[in-house]
Amino acid sequence: MGSDGTPAGHFRVKQIKNKRSLDPIGLSSGFIKKISSPLVKPLCVLFSFMFESGQIPDDWRVANIIPVFKKGCSSVCSNYRPISLTSVICKLFERVVKDQVLNYLYRNKLISQHQHGFLSRSSTCTQLLETVNDWTLSIRTRRMVDAIYFDFSKAFDSVSHPKLIHKLKRYGLTGKLLAIIDNFLFNRQQRVVFPEGYFTYAQITSGVPQGSVLGPLLFLLFINDVVDLFLVL
């Protein structure tokens, strides 16, 4: 139950953004939000069944990629920003899983204190505040400061699934929860969609799903120990 006495699932449906863009099967979050009340109980039954079985529908593992032109020459692929549209219903299920995983991580203090991305109340602003504070203290104590910047190319797309699952196990995520996350990553497909038509689906063999709810959290856990490795050096 939510804090206001309503079913927790209903609360999450009401919290989704009211967008009109269509997912791969033709549903929009705005439409789901309008018919949320009668959907709550069926979705709760469906989500419980999927969690117990460790399987999600194949239609939930596909994505439509919409290329949005940025600037420059329109014939250069790098001048387009890909927008990934994934299943709206699957995102509701992902929110349930994400909440449970985050509660576990926070309860056991498993997220690095230096992590400022993909977390509530954390952002580039909090990262800059912490950095400026560290630099100010170093200047006051006349200590030298070295700044090294890393930019990982196609970071989301480069995540190895076997390595990610191994890390999740090391964080204590096992059993049915790990099984559903593993199945969520397995056999994913995507296709590029244009106003005039679309390409055939292509298999995705690595990376966390962009445009998903779980994707950023999984990426966070994949790189969570990076800072600790540098501190050792």
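The model is predicted, so local features need pLDDT of at least 70, side-chain atom pairs count only at pLDDT 80 or more, and totals for chains, interfaces and linings use all residues. Residues are numbered from 1 along each chain as its sequence is written, and side-chain values use heavy atoms, with hydrogens and water left out.

The protein chain has an average pLDDT of 88, where pLDDT is the predictor's confidence in each residue, from 0 to 100. A score of at least 70 is reached by 93% of the residues. Helices (H or I, at least four residues) and strands (E, at least two) are DSSP runs, numbered from the N terminus. Confidence is lowest in helix α1 (residues 8-15), with a mean of 59. It is highest in helix α6 (residues 161-170), at 96. Residues 1-7 have a pLDDT below 50. This stretch makes 7 contacts in the model beyond near neighbours in sequence, a contact being heavy atoms within 4.5 Å. Where pLDDT is low, the predicted coordinates should not be read in detail.

Helix α3 (residues 36-53) crosses helix α7 (residues 175-185) at roughly 100 degrees, and their axes come within 8 Å. Axes are lines fitted to C-alpha atoms, for helices over the stretch in contact, and angles run from 0 to 180 degrees between N-to-C directions. The two helices, α3 and α7, are therefore roughly perpendicular to each other; this label covers 65 to 115 degrees, with angles under 35 degrees roughly parallel, over 145 roughly antiparallel and the rest oblique. On the α3 side, Met50, Phe51 and Glu52 meet Lys176, Leu177 and Ile180 of α7. By class, this contact has 4 nonpolar, no polar and 2 charged residues. Ala, Val, Leu, Ile, Met, Phe, Trp, Tyr, Cys and Pro count as nonpolar, Asp, Glu, Lys and Arg as charged, and the others, Gly among them, as polar.

Buried residues of α7 include Leu177, Ile180, Asn183 and Phe184. Buried means under 20% relative accessible area, exposed over 50%, and partly exposed in between (1.4 Å probe, protein chains only). The buried residues of α7 pack against α3, α4, α6, β3 (188-194) and α8. After α7 comes Asn187, with a positive phi near 55 degrees.

The largest nonpolar core has 40 residues. Such a core is a set of buried Ala, Val, Leu, Ile, Met, Phe, Trp, Tyr and Cys residues joined through side-chain atoms within 4.5 Å. Two or more residues come from each of α3, α4 (88-107), α6, α7 and α8 (214-223). The largest share, 9 residues, is from α4. Leu218 is one of the residues with the most contacts inside the core. Beyond four places in sequence, Leu218 is in contact with Leu164, Leu168, Ile181, Leu185 and Val208.

Val192 lies in strand β3. It is partly exposed, at 28% relative accessibility. Val192 and Ala63 are 129 residues apart in sequence, yet 8.7 Å apart in space, C-alpha to C-alpha. Asn79 sits in the loop between β1 (62-69) and β2 (80-86). At 18% relative accessibility, Asn79 is buried.

Most residues other than glycine have a negative phi. Phe118 has a positive phi of about 65 degrees. Arg121 also has a positive phi, near 65 degrees. Phe118 is in the loop between α4 and α5 (124-140), and Arg121 is found in the loop between α4 and α5. Phe118 is partly exposed, at 42%, whereas Arg121 is exposed, at 82%.
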